[in-house]
Structure formats: structure tokens, C-alpha cells
Amino acid sequence: MLLLRPLLLAFTALLLAQNVGAQTAYVNDEIYVPLRSGPGAAYRIVHKGIRSGTALRILSVDEAAGYTQVRTPGGLEGYLPSQYVSREPIASVKLEKVEKALATALADKQEALTQLQELQQKLQTLEADHSKVAETLNSAHTELADIKAISSNALSLDRRNRELHEANEQLRNELELVQTENLRLKDKSESNMMLLGGGLVLLGVLITLMVPVLKPGRKNDSWA
């Protein structure tokens, strides 16, 4: 056991060394270039290092010396080796812009999805409201049809009522005429009865006066 322990430790160390050697590493492209007061390495450094990816304004280019005069965003002017000056943004800056654009696009997408969900909910609400409105409209049409039927019946009843009222008035007028005629006939009948009674009385009087004259016994007595 004492002999195996060193061998195990050595084997473990070997495995760790292999794992460390198998790890992947990347070269860091972030560099800092010193800014000098003139176009050459002999000039003094006015800035310890301009970070790669910094946006600079080009003032002039000394192709013979291989330096470019620039101005930093802070207003400091100096010279940088032209090999470190690029007309296009470096990959990390482009990547950062792309990542920002991607993040913005993802945020816009998420916002669009949220708005789409809200619109879908609103659409569902509008569809439900539309169904309710349709039901209410159908109910209103039914009620309107009932009202029209009732109104038609009411108009028919009103017309029939007027007709009955006119007929009643006509019957009342005819009744008044009949009553007037009845009174006239009654008065005429009473007059006729009075005339008839008077005639009968007169006839009775005449008969009474004529009966003694017509008796035969009294006539013979008068002749004797």
C-alpha cells in the first residue's frame, strides 16, 4: 500500500497535467497603443496607451514615417503608428455593435410578441363583444318585430274602435230618430184617440136625441 500511494499520486498529477494542456485558449486582441507627440518612436509619449477600438479623428498621415496624426475623443492630439490605425472598426467593435443590434432586435422582438399577445387578447375581447352585440342586435330585431306586430294590432284595434264608435254614433242617431218618430206616432195616436172618443160621444149624443123621435108609440099618441 505504501508503494501504491506514490504511483497513484503520480498518475493523478499526470492526468491533471494532460487536462490542463488540453484546455483551449484565445489570443486577446485588446491592445493599447502609446500616443506620441511626433511621428516616431523617439518622441515623447503624451498618452500611455489608446485602447484598441477607440474612435479617432485623422488629422494627417505621414506615410514616410509610417505614423498618423490623430485626435482623441477627449481632444488630445498625437501620433500613432499607421499600422494600428484602421479605416474600419475592429472585429470586437463590430461584434459589440452586432451584439447590441442583436440585443435591440431581441428586445424589439419580445416587445412585438408582447404587443401581439395584447392584440390577440384585444381581438378575443372584441370578438366576444361582437358576439354580445350580435346577440343584442338579434334580440332588438325580435323586439322590434314584436313591437311592429303590436303596433299593427293596435292600429287595427284603433281602426276597429273608430268604426265601432262611428257605428255606435249612427245607431244612436237612428235611435233618436226612432224615439222622435215614436213620440210623434204616440202623440198622433193620442190625438186620434181623442178624436175618436169625441166622435163616439157625439155619436152617442145624436143617437140619444134621435131615439125618442123614432119611437112608434109616441107618434100614434100624438096623432090621437
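Q: Is Arg-36 buried or exposed, and how far away is the nearest side chain of opposite charge?
A: Arg-36 is buried yet has no salt bridge. The nearest side chain of opposite charge, Asp-62, is 13 Å away. Buried means under 20% relative accessible area, exposed over 50%, partly exposed in between (1.4 Å probe, protein chains only). A salt bridge is a side-chain nitrogen of Lys or Arg within 4 Å of a carboxyl oxygen of Asp or Glu. Lys and Arg count as positive, Asp and Glu as negative; His and the chain ends are not counted.

Q: What kind of model is this?
A: This is a predicted model: local features need pLDDT of at least 70, side-chain atom pairs count only at pLDDT 80 or more, and totals for chains, interfaces and linings use all residues. Residues are numbered from 1 along each chain as its sequence is written, and side-chain values use heavy atoms, with hydrogens and water left out.

Q: Which strand holds Arg-36?
A: Arg-36 is in strand S1, residues 32-36. Helices (H or I, at least four residues) and strands (E, at least two) are DSSP runs, numbered from the N terminus.

Q: Which backbone oxygen lies 2.6 Å from a polar atom of the Arg-36 side chain?
A: That of Tyr-43.

Q: What else is Arg-36 in contact with?
A: Leaving aside neighbours within four places in sequence, its contacts include Ala-41, Ile-45, Tyr-67 and Tyr-79. Contact means heavy atoms within 4.5 Å.

Q: Back to Asp-62. What stands opposite it?
A: Tyr-67 in S4. Strands S3 (residues 57-62) and S4 (residues 67-71) run antiparallel, joined by 5 bridges. Two strands pair if DSSP finds at least two bridges between them.

Q: Which residue takes a positive phi in that hairpin?
A: Gly-66, near 75 degrees. The hairpin has 4 residues between the strands.

Q: New topic. How many salt bridges are there in the whole structure?
A: The search finds 5. One of them joins the side chains of Arg-71 and Glu-77, at 2.8 Å, N to O.

Q: How accessible are those two?
A: Arg-71 is partly exposed at 29% relative accessible area. Glu-77 is partly exposed too, at 37%.

Key
A polar contact is a pair of N or O atoms within 3.5 Å; within protein, one must be able to donate a hydrogen and the other to accept it, and residues adjacent in sequence count only if both atoms are side-chain atoms.
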